[in-house]
Amino acid sequence: MKYPILYSFRRCPYAMRARLALAASGIKTELREVVLKDKPAELMAVSPKATVPVLQTETGRVIDESIDIMRWALDKRDPLNWYQSLDRRQQIQCDELIANNDGDFKCYLDRYKYADRYPEHPESYYREQGQKTLQNLESLLKENGCLISEKWTMADIALLPFVRQFALVDKDWFNTAHYPLVRDWLNHFLQSELFASVMTKYDQWHANQPQILFP
């Protein structure tokens, strides 16, 4: 393989964070856009989990966790100092923020988005639970400018795609909620060239089609 292969899905926040790290690193990959209802056999062969993102490196190593893909890319090249510049305290804080995002926040985000599937509580309950994370982010942004420093780090990039999803559930509510710094932080991300560069639409990948290189 000349290039690593990335199996991705444009709107998936996990795949989004992987593409963001790869774009920032400048590491060329072959992008294979997956339709989740029609997953290619090639994806299932390399990763039985068959969830995106999955990265298969030039050596055949398979990385099927989004955070591990981010670390793999940024270990190789980190020109924006998202990861390699973090001191030990910041690394611990970064890991804690990602753990909360991928745990409690993602749990309540899913229930907030699809509240009709979780009738145990009203939509407002799931939103209130998710707001515990937004409150913490608002405090961190007030203190640092971004989550753990004055500039984006791996922590910001790993969380922003999920906060974007939370905001989209009820835009009117989010635009008037008491999280002005979270809104500004998210809007800066959404208006960035980096975000635009990873959100290009591609057709579903099929074997034997021309190779698509990313970024």
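**Entry 1: the largest pocket**

I began with the lining of the largest pocket, and its largest share, 4 residues, comes from helix 4. A reminder to myself: this is a predicted model. I noted a volume of about 580 Å³ for the largest pocket. Of the 25 residues that line it, I found Arg 11, Cys 12, Pro 13, Tyr 14 and Gln 165 to be the closest to its centre.

Which helices each supply at least two residues of this lining? I wrote down helix 1 (13-25), helix 3 (66-76), helix 4 and helix 6 (154-169). Sorting the lining of the largest pocket by class gave me 11 nonpolar, 3 polar and 11 charged residues.

Is Asn 101 buried or exposed? I count Asn 101 as buried because its relative accessibility is 0%, and buried means under 20%.

I then looked up what surrounds Asn 101. Its side chain makes a polar contact with the side chain of Asp 102, at 2.8 Å. Leaving aside neighbours within four places in sequence, I listed Arg 17, Lys 106, Ala 158, Leu 159 and Phe 162 as the residues in contact with Asn 101.

**Entry 2: cavities**

How many cavities of 30 Å³ or more does a search of the whole structure find? The search gave me 1. About 40 Å³ of space lies in the largest cavity.

For the lining of the largest cavity I wrote down Arg 10, Arg 19, Leu 31, Glu 33, Val 198, Thr 200, Tyr 202 and Phe 214. By class, that makes 4 nonpolar, 1 polar and 3 charged residues.

Over residues 2-81 I noted 38% helix and 18% strand, with the end C-alpha atoms 26 Å apart.

My last stop was Ser 47. Where is Ser 47 found? I located Ser 47 in the loop between helix 2 (41-46) and strand 3 (54-56).

Leaving aside neighbours within four places in sequence, Ser 47 is in contact with Val 54, Val 62 and Asp 64. I also looked up one distance: Ser 47 and Leu 140 are 93 residues apart in sequence and 36 Å apart in space, C-alpha to C-alpha.

Technical notes
Residues are numbered from 1 along each chain as its sequence is written. This is a predicted model: local features need pLDDT of at least 70, side-chain atom pairs count only at pLDDT 80 or more; totals for chains, interfaces and linings use all residues. Side-chain values use heavy atoms; hydrogens and water are left out. On a 1 Å grid over the protein atoms alone, a cavity is a set of points where a 1.4 Å probe fits but cannot get out, and a pocket is an open set with protein on both sides within 12 Å along at least five of seven lines; lining residues have an atom within 4 Å of a point. Grid points are joined across faces, edges and corners, and a volume is the space filled by probe spheres set on the points. Ala, Val, Leu, Ile, Met, Phe, Trp, Tyr, Cys and Pro count as nonpolar, Asp, Glu, Lys and Arg as charged, and the others, Gly among them, as polar. Buried means under 20% relative accessible area, exposed over 50%, partly exposed in between (1.4 Å probe, protein chains only). A polar contact is a pair of N or O atoms within 3.5 Å; within protein, one must be able to donate a hydrogen and the other to accept it, and residues adjacent in sequence count only if both atoms are side-chain atoms. Contact means heavy atoms within 4.5 Å.
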